[in-house]
Structure formats: structure tokens, C-alpha cells
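This report looks at the pockets of a predicted model.

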Amino acid sequence: MFRKELLYYFTTPVAYIVIGLYLLIIFLFLWVIPGEWNIIDSGYSQVDGLFRLSPWLFLFMCPALTMRLFSEERQNGTWDLLRTKPISLHRIVIAKFMAAWVLVVISISACLIHYMAVYFIAEPVGNIDSAAFFAAFFGLMLISLSFIAIGTFASSFSTNQIVCFILSVIACAFFYYGFDLLASLFHDSATVTFIEHIGGYQHFLSISRGVIEIKDLAYFLIVAVFFLSSTIYKLK
């Protein structure tokens, strides 16, 4: 099932368009478009723009990859046929989820070329905070893990892929940024801190500083497990 789903992406334009757009936008902002994220303009050997841009791009990239996972099966009438196969529902969900996530990981991994470029053009060569880079790089994988899980859940709600895409974008945006906006409505510091840590932004911010704590790792894993479990429950 995992192999089938992964091959599907590469036998249709979906994977090439999504990965291509992601890599193109990252390249343009890091090397071509003038601004604070442009590596040459900043004058520093850092790739911070990659980690600021990627979560925003994931808000659309991950829903675009997941919107078809279950909606297309149900729309084409192949869902009932799939359920007759000797494979459990939770394995179907996990296989589809993993195929979409691996595609995102491939996209993120391609961005290592920017790290290598900065590594060799830095003065002196290698003058880049590698620990912070790879911690933030790992953080992107965790964010995409949770976004893909949310998108998988959204895909189970309708046979219309556009509806699933919109639901997923809204849910991912609220999960990542919504709690920080909600926290701004309160003045009590304890309440603000609590609400901020329900959302994903603060946890990614903590990882991107180069420190990977158990609480941040556990947060993204719990979110992924929650939405995958919700998907299985919804499909049942």
C-alpha cells in the first residue's frame, strides 16, 4: 500500500509540480529576490530564510499532497474495493500518510544543497552553525509530520478534493499560528504561555534555536498520532 501510494505521486504531475514549486520559491527567496531572507544580501553564513519560509509553504504543500488520499478513493468508488483486501484500516491510513510524508521529506532533503552552498562560500569555509541548521532541519520534518497527519484527517471528510484542501489549510494554519494569535487576547502571563504552547509555532521556534527537547519532539508526535487516530475513527 505504501509503495502503491508513493508510486502514484511519481506517475502523475502532482509530485513534480508540488516539489518543483517548493524548491523554486525557496531558491528565489534565498538567492535571487532581494530582502532579509536573501543570503547574499544578509552578509551572514546562515540559511534562516529556509526555516522561516518552509512552514508557510507547508500550509499549502501538505494539504495539496493529502487532499486526494481518501476523497479520491471514495469519489472513484475504489474505497469499498480497497476495504475488501486483507489489510486492516489502520495500516491503510498509515501507509497513505507515510507515502505523503516521505514525499515532503524528499523535498526538504533537496534543500541541503543550500546548506552546502553556504558552507563553501562562507569565510572561512565551513563557518556556519551546523548544529542549529540540522536542528531546525529536523524541526521542519516534525512540522510536516503533523501537517500531513492533519491533511490525512481532512481528506476523510469529503469526496470533493477542493473541500478537503481548504479544510486542511485552515486546520494547519490554526494549529501552527492560531494559538499564538489567540494568546494575544489574554494578559495573564501564565495563560498566554499555556495557550502558546498548545500551538506548533513555539515548539518549532524552540527547536530552530538548536535545542531539541523531549517536550517539543513529543508534541509533534502526539499531534500526528491524534489526527491519524481520528482519521481511523472517522473512516470506521
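## The second largest pocket

In this predicted model, the second largest pocket is lined by Ile17, Val18, Leu21, Tyr22, Ile25, Leu57, Phe60, Met61 and Ala64. Helix H2 (13-32) and H4 are the elements that give two or more residues to the lining of this pocket, and H2 contributes the most to the lining, with five residues.

The space in the second largest pocket comes to about 160 Å³. Sorted by class, the lining of the second largest pocket holds nine nonpolar residues, with no polar and no charged residues.

## The largest pocket

For the largest pocket, the computed space is about 370 Å³. Its lining is made up of 20 residues, of which Asp48, Phe51, Arg52, Ala136 and Ser208 are the closest to the centre of the pocket. Two or more lining residues come from each of helix H4 (48-66), helix H9 (130-155), helix H10 (161-183) and helix H12 (200-208), and among the contributors to this lining H4 gives the most, with five residues.

By class, the lining of the largest pocket comprises 13 nonpolar, three polar and four charged residues.

## The two linings side by side

Charged residues number four in the lining of the largest pocket, whereas the lining of the second largest pocket has no charged residues.

Notes:
Residues numbered from 1 in each chain as written. Predicted model: local features only at pLDDT ≥ 70, side-chain atom pairs only at ≥ 80, totals over all residues. Heavy atoms only, no water. 1 Å grid on protein atoms, 1.4 Å probe; cavity = no way out; pocket = protein on both sides within 12 Å on 5 of 7 lines; lining within 4 Å. Points joined across faces, edges and corners; volume = space filled by probe spheres on them. Helix = DSSP H or I, 4+ residues; strand = E, 2+ residues; numbered from the N terminus. Nonpolar A, V, L, I, M, F, W, Y, C, P; charged D, E, K, R; others polar.
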